[in-house]
Each structure stands twice: as structure tokens, then as C-alpha cells.
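The topics are taken in turn, with the points grouped under each.

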Amino acid sequence: MKFSNAALLCLTSTFVAGSHAFVPAATTTATTRSRGAVAPSTTSKTSLNIVLDDTEDILDKIKRLLEEAENPPIDPDFDAMVQERFPGAIDNGTLERTVVGMLADRGFTAANTLLATSLCADELARKLEDDFVKVYGNNFNLGGLSGFPFAGNTGFGAMAAHIPDNGYCLTVYGPHVGIAADGTVGKVERDGIALIDTCCGSAVSAYGYLKSITEGGATVTTNIQSFTDFQQGAVRELILPHGKRLIDAEEPMIELPYALYDSQDLLMRSIVTAGAAGTKGGLAMLGGIQINTGPTTQDYFHPLRFDLIDTSGNVVEDLLPALIG
């Protein structure tokens, strides 16, 4: 799958960043994890809430946070239903514990890591984001509707400048999709709403637009794009190259987030290549599909990419095989 340069340029702008060398975890003092509880009254924080003197072992921290979260227990029947529709999906608790542990072994700590996210604006997408925020501090938001990185090169450059000196960035990105208690994909129960709602609404709307074009029902108009709905207009355009793939799919609502991911991953790769030089110690990229469920079940994530990237934009380690086991 390829996009034209114009499709990429509509979302990104260029910036110039300084060059830094990637320091492997085995050779940097930043990798040391010292044990001990954090004293909230004496911690110093940046404006992004990175806890600079967090001395709590990060593995102890994620274990404590998951215990305190009191997430719903895994429902074996529902889990089997999720796995049938999204083979390879991991419940959020397992994902977070494994990702934090793997990165800790490579020098990523709460004190030296900036979290960046490119996830949908939907409040359901905040759950995974919030869980990682509890570990690493407040995130820099790169994303918008459907999870596309609308902050582009300029936003990535600004984010990179906020990475702690000699530190790292964890970037989590991707679209999301709902799955209701009865297994319906593209729908989800929400707290306080009786109606089983569409999820992701932006993605499903864009799919409807695509169908209207491929089936010949689209209205001819002289309006190219409305600035008041610019992001949705971009989502529509960026899904068009996947038209045949989606129309031919046996389960379009299952295929839809994977098509969106492919477009988003292409954009993220372009943005990171342009801006990697500014990422100080380098970055980890965790890309995949969020699978949002109802209030009584855990959310899931299907990881499709987990790479360590150096300041030249090169993949220095593919962590995905170890993550998915």
C-alpha cells in the first residue's frame, strides 16, 4: 500500500532537530533502577509531570498500579470471543506490565521517559493512555480523530524537545474499535448510556463515506473540505486507498481498524524518520489496535509493532516477538 506525497503533506510539516547518539541501555547510567518509595511532598516534576526523582523500582510500580486499579477480572468466555475476532490481542493489564518491564530492562524509567500518544479523541481511548500516564507521567498528545497523528512533524519536534536529557520517549499509537458484550464489533457499551454505541464513530463514518463512493451513491459537491471538520475530512481521504480491501472483507468492521492502522503506521514512520534526531536517547514505538469493551470487562490491545528506534530513525531492536510471546 502506498500513499501519494500530497496525502502525507496534508498532515505533516517539516522541522530541523539536533543530532544525538543513541546510548544503549547497557552502557548508560540512566538504566539504573533504585528501590524505594516516592515521597510525593518532595518530588520535583516538569510541567509535563515527569517525576524526575522517582526512585520506586518501575517493576514494583507497575505491579502496584495494576493491583490498585481493581480492573474487572478476565472473563474466559468474553476473552475467547475477543481472541476469535482479534487473534493476538492482549488484555491491557498484561500489555502494560510486559511493555514496562521490557523497556525497564533497556533503561526506560519513570524519571527519564516521556510518554507520547497518538490515539483517538474518544474518551474510551483514554484508559490505556491513563494507565501509562500513571507509570511515566503526563503524555504529549500527537493524535486526533481515529488516532491519526495530526500533530505531524511540528508536534513531534515539540514533543522531542521535552524528552529529559539523555532520556527516552515511549510513543503509543493506533486506532481503536469497540466490541460489545454479545461480540458485535464496531459497537460498545458505555457508562451512563443505554444505547450500545458505535466505536470508533469517526472510523465508521469514514467507512460509510468510502462505501458511498464505491457503490456510486456519493453526492457530487464543489466543497473539497470544511475546516470546521478538517480531521474527519482527512480520515476520509486516508481510508480511500483501502476501498477494495474493505469492500471485499467478510467482516468490514474487523478489517477497518487494521486498514486505519496501516495508514497511521505509514504516517508515524514518516514523522519519526524526519524527527528522530531530536529524540535524545532514542524512542520506543508501540503501535497497534485498541479494543475497547464495556464497563464490566477489560480492554485489549493488539500489538502490531514494538520497536526501539535510534536517533537516526533506524530500528535497533524489534521487541514485538518477545511482547506477543
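In this predicted model, His 242 is placed in the loop between α8 (230–239) and α9 (243–248). With a relative accessibility of 3%, His 242 counts as buried. A polar atom of its side chain lies 3.2 Å from the backbone oxygen of Ala 259.

**Strand β9 and its partners**

- Strand β9 covers residues 300–309, and nine of its ten residues are buried, so the strand is largely enclosed by the rest of the structure.
- Strand β8 (residues 283–292) runs antiparallel to β9, and nine bridges join the two.
- Within the strand pairing, Ile 291 stands opposite Tyr 300 of β9.
- Strand β1 (residues 90–91) is also antiparallel to β9 and is joined to it by two bridges.
- The bridge partner of Ile 90 is Phe 301, in β9.
- Strand β10 (residues 315–318) pairs with β9 in the antiparallel sense over three bridges.
- Ile 309 has Val 315, in β10, as its bridge partner.
- The hairpin of β9 and β10 has five residues between the strands, and Gly 313 in this hairpin takes a positive phi near 85°.

**Nonpolar cores**

- In soluble globular proteins, nonpolar side chains tend to be buried together.
- The largest nonpolar core contains 31 residues.
- The residues with the most contacts inside this core are Phe 86, Phe 156, Met 159, Val 272, Leu 283, Met 285 and Ile 291.
- At least two residues of this core come from each of α3 (76–85), β2 (113–118), α6 (152–161), β4 (168–173), α10 (252–275), β8 and β9.
- Helix α10 gives the most to this core, contributing six residues.
- A second, separate core has 29 residues, among them Leu 103, Ala 104, Leu 170 and Leu 308.
- Leaving aside residues up to four places away in sequence, Met 285 touches Thr 171, Tyr 173, Met 268, Val 272, Arg 305, Phe 306, Asp 307 and Ile 309.

**Salt bridges**

- The structure has a count of 17 salt bridges.
- Arg 190 forms one of these with Asp 122, where the closest N and O atoms are 2.8 Å apart.
- Arg 190 belongs to strand β6 (residues 187–190) and Asp 122 to the loop between β2 and α5 (126–136), so this pair ties together parts that are 68 residues apart in sequence.
- Both Arg 190 and Asp 122 are buried.
- Arg 190 also forms a salt bridge with Glu 123, again with 2.8 Å between the closest N and O atoms.
- Glu 123 lies in the loop between β2 and α5, whereas Arg 190 is in strand β6, so the pair ties together parts that are 67 residues apart in sequence.
- The relative accessible area of Arg 190 is 10%, which makes it buried, whereas Glu 123 is exposed, with a value of 53%.
- Arg 245 forms a salt bridge with Asp 262, and the closest N and O atoms of this pair are 2.8 Å apart.
- Arg 245 counts as partly exposed at 29% relative accessibility, and Asp 262 is partly exposed at 28%.

**Cysteines**

- How many disulfides does the structure hold? The structure contains zero disulfides.
- A disulfide is a covalent bond between the sulfur atoms of two cysteines.
- The closest cysteine sulfur to that of Cys 120 is in Cys 200, at 4.0 Å, which is too far for a bond; the cut-off for a disulfide is a pair of cysteine sulfur atoms within 2.5 Å.
- Cys 120 counts as buried, because its relative accessibility is 4%, below the 20% limit for that class.
- Cys 169 is also buried, at 0% relative accessibility.

How values were computed. Residues numbered from 1 in each chain as written. Predicted model: local features only at pLDDT ≥ 70, side-chain atom pairs only at ≥ 80, totals over all residues. Heavy atoms only, no water. Buried < 20%, exposed > 50% of the residue type's maximum accessible area, 1.4 Å probe, protein only. Helix = DSSP H or I, 4+ residues; strand = E, 2+ residues; numbered from the N terminus. Polar contact = N/O pair within 3.5 Å; in protein donor to acceptor, adjacent residues only side chain to side chain. Pairing = 2+ DSSP bridges. Core = buried A, V, L, I, M, F, W, Y, C linked by side-chain atoms within 4.5 Å. Contact = heavy atoms within 4.5 Å. Salt bridge = Lys/Arg side-chain N within 4 Å of Asp/Glu carboxyl O.
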